[in-house]
Amino acid sequence: MSNWFDLYRSIKERYGDEPEHKLIEYIDFIEKGKILDLGVGCGRNSLFLSELGFDVEAIDISDKNISNYLAKAKTLNLDVKASVIDIRDFDIVENEYSLIIVSWVLNFFKKDEIDLIISKIKKGLKPNGVVYFAAFSILDDYYIKNLDKSCDEKNTLYLQEHNCYRYYYTDSDEVLELFKDLETISLNTGMILDIDKEIGNHYHHIIEYLGRK
């Protein structure tokens, strides 16, 4: 590859999956070393970073996601580590990672569980290590349209059909408070259109954060 943009484009063409643009924009802030992707999903971030030479470790609660991710990595001749495990049960090694990604994952827990996961993430970062966090806020379409599912926890829906909670962040100040002991590199909020043939197109209100230890 002549540059990272060619690499990014080639991965998108092969799999239709785009890495988070903020990770690309701030790639020079991330020291070469170990990366942890919490909730790897389709692997769009981890595959991209692995091809750039990072040592990537990924976890996901879905065995299907992990199987698909490992299959993609094998096709690309990438050496990655991946495990099927609940984030809440995963022990993050302290001072181990140059980058920890927690992208569109920390809405799907109760607030006290989120606080514990965030604490483990911060401990897991090496000095100068970076965290990428992305989540939905209370301005999100789904939250607003499902307020009848609100429970006794602030900004939280209880989805009885799935027996699970879904937490929504108040605003960017709440996220900054979560990571107040880190240096803020980037903080963005905004609406994005989610094109979904099954449930219909809808908007998400997002908060994106990059911080350095």
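This briefing describes helices, salt bridges, a surface patch and some backbone features of one predicted model.

The structure is a predicted model, in which local features need pLDDT of at least 70 and side-chain atom pairs count only at pLDDT 80 or more, whereas totals for chains, interfaces and linings use all residues. Residues are numbered from 1 along each chain as its sequence is written, and side-chain values use heavy atoms, with hydrogens and water left out. Helices (H or I, at least four residues) and strands (E, at least two) are DSSP runs numbered from the N terminus. Buried means under 20% relative accessible area, exposed means over 50%, and partly exposed lies in between, with a 1.4 Å probe and protein chains only.

**Helix α4**

- Helix α4 covers residues 63–75, and its 13 residues should span 18 Å at 1.5 Å a residue, which agrees with the 18 Å between its end C-alpha atoms; the expected span is 1.5 Å times one less than the number of residues.
- The buried residues of α4 are I66, Y69, K72 and A73. They lie on the same side of α4, because they cover an arc of only 130° around the axis, the arc being that of the directions from the helix axis to the C-beta atoms.
- On the face of α4 turned away from the buried side are the exposed residues D63, K64, K74 and T75.
- At the start of α4, the backbone nitrogen of K64 has a side-chain oxygen of S62 within 3.3 Å, and after the helix comes N77, with a positive phi near 60°.

- Helix α3 is mostly covered, with six of its eight residues buried, namely N45, S46, L47, F48, L49 and S50.
- G53, which follows α3, has a positive phi near 105°.
- L52 is in the loop between α3 (44–51) and β2 (55–60) and is partly exposed, at a relative accessible area of 23%.
- Although L52 and I27 are 25 residues apart in sequence, their C-alpha atoms are 9.9 Å apart in space.

**Salt bridges**

- The whole structure holds ten salt bridges, each defined as a side-chain nitrogen of Lys or Arg within 4 Å of a carboxyl oxygen of Asp or Glu.
- One of them joins the side chains of E153 and K110 at 3.4 Å, N to O. This pair links distant parts of the chain, 43 residues apart, with E153 in the loop between α6 (141–145) and β6 (156–159) and K110 in the loop between β4 (97–103) and α5 (111–124).
- E153 counts as partly exposed at 24% relative accessibility, and K110 is likewise partly exposed at 24%.
- Within helix α5, K111 and D115 lie four residues apart, about one turn of the helix, and their side chains meet in a salt bridge of 2.7 Å, N to O. K111 is partly exposed at 23% relative accessibility, and D115 is partly exposed with a relative accessible area of 33%.
- R212 and E183 form a salt bridge whose closest N and O atoms are 3.2 Å apart. The pair links distant parts of the chain, 29 residues apart, with R212 in strand β9 (residues 202–212) and E183 in strand β8.
- E183 is partly exposed at 43% relative accessibility.

**Nonpolar surface patch**

- L139, M191, L193, I195 and Y203 form a nonpolar patch on the surface, and together they have about 520 Å² of accessible area, as given by the Shrake-Rupley method with a 1.4 Å probe, where for residues only the protein chains shown count as cover.
- Patches are made of residues with over 30% relative accessible area and no salt bridge, like charges being joined within 9 Å and nonpolar side chains (Val, Leu, Ile, Met, Phe, Trp, Tyr) within 5 Å.
- M191 is placed in strand β8 (residues 183–194) and is partly exposed, with a relative accessible area of 47%.

**Loop residues and positive phi**

- Most residues other than glycine have a negative phi.
- W104, in the loop between β4 and α5, has a positive phi of about 60° although it is not a glycine.
- N155, in the loop between α6 and β6, also has a positive phi of about 60° without being a glycine, and N155 counts as buried at 11% relative accessibility.
- E20 is in the loop between α1 (4–15) and α2 (21–25) and counts as buried at 7% relative accessibility.
- The side chains of E20 and W104 are joined by a polar contact of 2.8 Å, a polar contact being a pair of N or O atoms within 3.5 Å, of which, within protein, one must be able to donate a hydrogen and the other to accept it, while residues adjacent in sequence count only if both atoms are side-chain atoms.
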